[in-house]
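Me: I would like to go through one part of this structure with you. Could we take it step by step?
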Amino acid sequence: QVQLVESGGGLVQAGGSLKLSCAASGFTSNMYLIGWYRQAPGKQRELVATISGSGIATNYADSVKGRFTIARDSAKNTVYLQMSSLKPEDTAVYYCNVKSVSLTGRYDNWGQGTQVTVSS
């Protein structure tokens, strides 16, 4: 059974840092893109950052470039999002997403989300 478990969210003051983790388990397909998304109240879910299955290629939303870093530990099957210089507008529920492919098709899996709240 595929599972994505996020952790590391919480309450932090503006300018502070948090590190989110996403532990993946149960995947038998090839994970080719792993990402973090976020959804603030009343807003649509938006892409924050992605990392390729190889861990080589990364992509960031303009709003987080230079402040957030996505990384992958293949041995632990875990993806991290290091967030620094946090702003109140970073407040949202952060979701882990894994896109994978196998002979039976393509799959799109989501975690349950972790709340990040940045106070001013």
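Me: Which strands does β9 pair with over six bridges, and in what sense?
Reply: β9 and strand β10 (residues 105–110) pair in the antiparallel sense over six bridges. Strands are DSSP runs of E with at least two residues, numbered from the N terminus, and two strands pair if DSSP finds at least two bridges between them. S100 stands opposite Y107 in β10, and a hairpin of two residues links β9 to β10.
Me: What sort of model is this?
Reply: The model is predicted: local features need pLDDT of at least 70 and side-chain atom pairs count only at pLDDT 80 or more, while totals for chains, interfaces and linings use all residues. Residues are numbered from 1 along each chain as its sequence is written, and side-chain values use heavy atoms, with hydrogens and water left out.
Me: How many bridges pair β4 with β9?
Reply: Strand β4 (residues 30–39) pairs with β9 over nine bridges, in the antiparallel sense. There, I34 stands opposite V98 in β9.
Me: New topic: is N97 buried or exposed?
Reply: N97, found in strand β9, is buried, with a relative accessible area of 1%. Buried means under 20% relative accessible area, exposed over 50%, and partly exposed in between (1.4 Å probe, protein chains only).
Me: Which side chains have polar contacts with that of N97?
Reply: The side chain of N97 has a polar contact of 3.1 Å with that of K99 and one of 2.6 Å with that of D108. A polar contact is a pair of N or O atoms within 3.5 Å; within protein, one must be able to donate a hydrogen and the other to accept it, and residues adjacent in sequence count only if both atoms are side-chain atoms.

Methods: Helices (H or I, at least four residues) and strands (E, at least two) are DSSP runs, numbered from the N terminus.
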